[in-house]
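Biologist: I am new to reading protein models. Could you take me through one, feature by feature?

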Amino acid sequence: MLDDHVTLAHGAGGKASAALLDAVFVQAFRNPALESLGDGAVLTLPGGQRLAMSTDSFVVQPRRFPGGSVGALAVHGTCNDLAMTGAVPAWISAAFVLEEGFPIAELKEIVADMATAAANCGVQIVTGDTKVVPTGAADGLFVTTTGAGVIPSGRTLSADSVRVGDKLLLSGTMGDHGMAVMLARGDLAIDADIRSDTASLGPLVELLMAAAPSTRWMRDATRGGVGTVCNELAQACGFGVLLDERRLPVQPTVTGACELLGIDPLYVANEGKFVAVVAAEEAEPGLRALRSHPLGAEAAEVGEIVAEPAESVVLRTGFGGTRIVDMLVGDPLPRIC
């Protein structure tokens, strides 16, 4: 790692984030559960039952945006990370860092959003912590949630199980959340009706697992977007990922906003979409299952696993050519979660 100081790029989910994680945190905390670097840790209890555990912090600005709020995001984000391990989310803890002077009325609204999201996700918020810091020390409010869930017997998801010829399913349109938050800040003279996709992915996951029980791997495409998730997959499984640009679903309003800002939708965050690798013979029933749910209505088969180029992501463009999709560099959309 070449950097001497933390930069905003270290929180963007791309190359800088990966370097920070590996050089500082994995180096210090190294253990088998951590080294898988999944959305959550898979833990085996003495009796053989497996649990998943995940934690995440939420610092989004603005705290309320079209389609959601930091409260809903804090619950959905942690539940979705658990679902990506194959677990059924069950319990959440919530920690709040509050800045002196923060309006109690707004705090109640955020907590109410969390309660509603938890009820919709089928989880209980069972413990927590609150700290108050001086004015100017926390930008209003930061929320950290930790979740735990039970992994059904016989369900195992791992990049090690990915095989050449497997298909990639994307559960819906790309970039909705990142662009909704970006436009909600009001810094840009762009008027577009874009809403965050923040939602619980648990129901979609269960539908997919029932229709495609040999599903290999899943990851929700949050910071760094689909492009970063596919790079993480390629590096973890050792194969290449071939994406088809014509099949990647993007709302026209998101495409237009991204073009105006010079941002590739592949790298824009989502909070209610995931990428799944499924066996080729289960791709069609898996896709039908996703599309049967309102959250998966725009689901698509967007690519496949290939032998070469190994550990790389290639996009087949709409013009018939190809280009490399690299890990995200820099921080085009800071503080979107």
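Biologist: Let me start with a pair of strands. How many bridges join S8 to S12, and do they run parallel or antiparallel?

Modeller: First, a caution: this is a predicted model. Now the strands. Two strands count as paired if there are at least two bridges between them. Here four bridges join S8 to S12, and the two run antiparallel.

Biologist: Which other strand pairs with S12 over four bridges?

Modeller: That is S10, again in the antiparallel sense. Find Leu242: it stands opposite Glu304 in S12.

Biologist: Now the whole sheet. In what order do its strands lie?

Modeller: Seven strands form an open sheet in the order S9-S11-S8-S12-S10-S13-S14, with mixed pairing. The edge strands are S9, residues 217-220, and S14, residues 322-324; each pairs on one side only. From one strand to the next, the twist averages 25 degrees.

Biologist: Where do the side chains of a strand point?

Modeller: In a regular strand they alternate between the two faces of the sheet.

Biologist: Is S12 mostly covered or mostly open?

Modeller: Mostly covered. Five of the seven residues in S12 are buried.

Biologist: Which strands does helix H7 lie across?

Modeller: Helix H7, residues 225-237, lies across S8, S9, S10, S11, S12 and S13. To read its direction, compare its axis with that of a strand. H7 runs at about 150 degrees to S9. Then take helix H6, residues 202-211: it lies across S8, S9 and S11. H6 runs at about 10 degrees to S11.

Biologist: What does UniProt place at residues 163-314?

Modeller: The unreviewed UniProt entry places the feature "domain: PurM-like C-terminal" there. Over residues 163-314, the chain is 34% helix and 18% strand. The end C-alpha atoms of that stretch are 17 Å apart.

Biologist: Let us zoom out. How many helices and strands does the protein have?

Modeller: Nine helices and 14 strands.

Biologist: Why can we call its radius of gyration in agreement with a compact globule?

Modeller: Compare the value with what the chain length predicts. A compact globule of 337 residues would have a radius of gyration near 20 Å; this protein has 19 Å, so the two agree. The C-alpha trace spans about 55 × 55 × 45 Å along its principal axes. Of the 337 residues, 49% count as buried.

Biologist: What share of the contacts comes from residues 24 or more positions apart?

Modeller: Among contacts with a separation of 6 or more, such pairs account for 83%. Ile110 lies in helix H4, residues 104-121. Ile110 counts as buried because its relative accessibility is 2%, and the cut-off for buried is under 20%. Val70 is 40 residues from Ile110 along the chain, yet their C-alpha atoms are separated by 7.0 Å. Beyond its neighbours within four places in sequence, Ile110 is in contact with residues including Val70, Phe102 and Leu141.

Biologist: Which residue does a cis peptide bond join to Pro309?

Modeller: Glu308, with omega about 0 degrees. Pro309 sits in the loop between S12 and S13. Another cis bond runs from Gln61 to Pro62, with omega near 0 degrees. Pro62 lies in the loop between S2 and S3.

Definitions and conventions: Residues are numbered from 1 along each chain as its sequence is written. This is a predicted model: local features need pLDDT of at least 70, side-chain atom pairs count only at pLDDT 80 or more; totals for chains, interfaces and linings use all residues. Side-chain values use heavy atoms; hydrogens and water are left out. UniProt positions are given in the numbering used here, feature names are shortened, and annotations may be inferred rather than shown by experiment. Axes are lines fitted to C-alpha atoms, for helices over the stretch in contact, and angles run from 0 to 180 degrees between N-to-C directions. Contact means heavy atoms within 4.5 Å. Buried means under 20% relative accessible area, exposed over 50%, partly exposed in between (1.4 Å probe, protein chains only). The radius of gyration is taken over C-alpha atoms; the globule rule is 2.2 Å times the number of residues to the power 0.38.
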